[in-house]
Amino acid sequence: MTAGSAPPRDHPDVLPRRIGVLIVNLGTPDAPDARSVKRYLKQFLSDRRVVEIPPIIWQPILRGVILTTRPKKSAHAYAKVWTERGSPLAFHTGDTAEALKAAFGPDVLVDWAMRYGNPSIPSRLAAMKAAGCDRILIAPLYPQYSAATTATANDAVFRALGDMRWQPAVRTLPPYHDDPAYIAALKASAERHVAALDFAPDVLLASFHGMPERTLHLGDPYHCQAQKTVRLLSEAMGREVAISFQSRFGRAKWLEPATDTTLARMASEGVRSVAVMMPGFSADCLETLEEIALQGAETFHVNGGKNFACIPCLNADSEAITLYESLISRELQGWLNVTP
């Protein structure tokens, strides 16, 4: 059958060809209760990209003390940030997908998924394939590359493709830690939120999710890419931006300086006002809203600090949508405006 000719009468229905864009974030429990959190943590902490301890050693620890004690504590933390719309990470990611649908029009199907939890990557890929998407861009919303974030999201995609007889063509969004559009979005967002404060921050601190230090030595570029993001952001804003790493877990040595000890030190050394932004997180979540906005503020105040502000993530704000339009349009070159 030549291009443009009509199919035979007995030919199965064929959907019009479409392009898919699947934006991916880390994940969230379905509800802020111990059962949901336990299910989420079991999936998350069983990922060998996340915990690289041999399963024969790690799984008894995970299924023993961790999944016995941590879900209740974590559920309490999630309850502090849960909203009428549910998980902040989920609804911000969903809002981003909706905004991008409007930006790209009907020929591009934009959807979203979570690496852990719901909606799952396999379910959304299957839905895209069923809707006629024969070309799909996977867009993990992690500016800085890490095996425990970007790589594991792509792993889940490739595993899902392995169950498909008729696979779509797939591209993946590379890390964008030094992309001018990303730096411009961070700058615009930070300046807009700082201008709305009733105090001028003495220090602007960029807090990134922590990683075990061994990941740096094993080859992850995450630490270097975070440092470059902050350097470029400092240059763009014309002011120094400090850097730290949060969310330590376990006894291993993690990337430093740690956010909690940095905030305590700053306050004890006479810094009166600080604003914290989280450039490695595309959307607000437990780690930003509870760990920084609540725990970080308490740490700073207890040690003598006066004014504390947690700058929201890009979420689905205009700066974010402008950024993602730029990144996605570039990655879709050669696919857009292709004649079926």
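Q: Why are helix H6 and helix H8 called oblique to each other?
A: Helix H6 (residues 180-195) and helix H8 (residues 222-237) pack at an angle of about 60 degrees, with their axes 10 Å apart. Angles under 35 degrees count as roughly parallel, over 145 as roughly antiparallel, 65 to 115 as roughly perpendicular, and the rest as oblique. H6 and H8 are therefore oblique to each other. The axes are lines fitted to C-alpha atoms, for helices over the stretch in contact, and the angles run from 0 to 180 degrees between N-to-C directions. Helices (H or I, at least four residues) and strands (E, at least two) are DSSP runs numbered from the N terminus.

Q: What is the basis for these values?
A: The model is predicted: local features need pLDDT of at least 70, side-chain atom pairs count only at pLDDT 80 or more, and totals for chains, interfaces and linings use all residues. Residues are numbered from 1 along each chain as its sequence is written, and side-chain values use heavy atoms, with hydrogens and water left out.

Q: Which hand does the crossing of H6 and H8 have?
A: The crossing of H6 and H8 is right-handed. A crossing is right-handed if the near helix is turned clockwise from the far one by less than a right angle, and left-handed if anticlockwise.

Q: Why are H4 and H5 described as oblique?
A: The axes of helix H4 (residues 121-130) and helix H5 (residues 147-161) come within 9 Å and cross at roughly 50 degrees. By the angle classes already stated, H4 and H5 are therefore oblique to each other. H4 passes H5 in a right-handed crossing.

Q: How do you know that Cys285 is in no disulfide?
A: The structure holds zero disulfides. Cys285 is in none, and the nearest cysteine sulfur, that of Cys313, is 6.2 Å away. A disulfide is a pair of cysteine sulfur atoms within 2.5 Å.

Q: What makes Cys285 count as buried or exposed?
A: Cys285 has 8% relative accessibility and counts as buried. Buried means under 20% relative accessible area, exposed over 50%, and partly exposed in between (1.4 Å probe, protein chains only). Cys224, at 49% relative accessibility, counts as partly exposed.

Q: How many aromatic pairs are there?
A: The count comes to six aromatic pairs. Rings of Phe, Tyr and Trp (its six-membered ring) pair if their centres lie within 6.5 Å; planes under 30 degrees apart count as stacked, over 60 as edge-to-face and the rest as tilted.

Q: What makes the pair of Tyr40 and Phe44 stacked?
A: The ring centres of Tyr40 and Phe44 are 5.9 Å apart, with 15 degrees between the planes, and the pair is stacked. Tyr40 and Phe44 are four residues apart in helix H1 (residues 34-45), so about one helical turn separates them. Tyr40 is buried, with a relative accessible area of 6%. Ring pairs link Tyr40, Phe44 and Tyr116 into a cluster.

Q: Why is the pair of Tyr176 and Tyr182 called edge-to-face?
A: The rings of Tyr176 and Tyr182 lie 5.4 Å centre to centre with 85 degrees between the planes, and the pair is edge-to-face. Tyr176 is buried at a relative accessible area of 2%, and Tyr182 counts as buried at 1% relative accessibility.

Q: How do you know that Lys129 lies over the face of Trp166?
A: Lys129 is at 4.1 Å from the ring centre of Trp166 and lies over the face of the ring. A charge sits over a ring if NZ of Lys or CZ of Arg is within 6 Å of the ring centre and within 35 degrees of the ring normal. Arg171 likewise lies over the face of Trp335, at 4.0 Å from the ring centre.

Q: Which omega value goes with the cis peptide bond between Asn118 and Pro119?
A: Omega is about -5 degrees for the cis peptide bond that joins Asn118 and Pro119. Pro119 is placed in the loop between strand E2 (108-117) and H4. Another cis peptide bond joins Glu256 and Pro257, with omega about 5 degrees.
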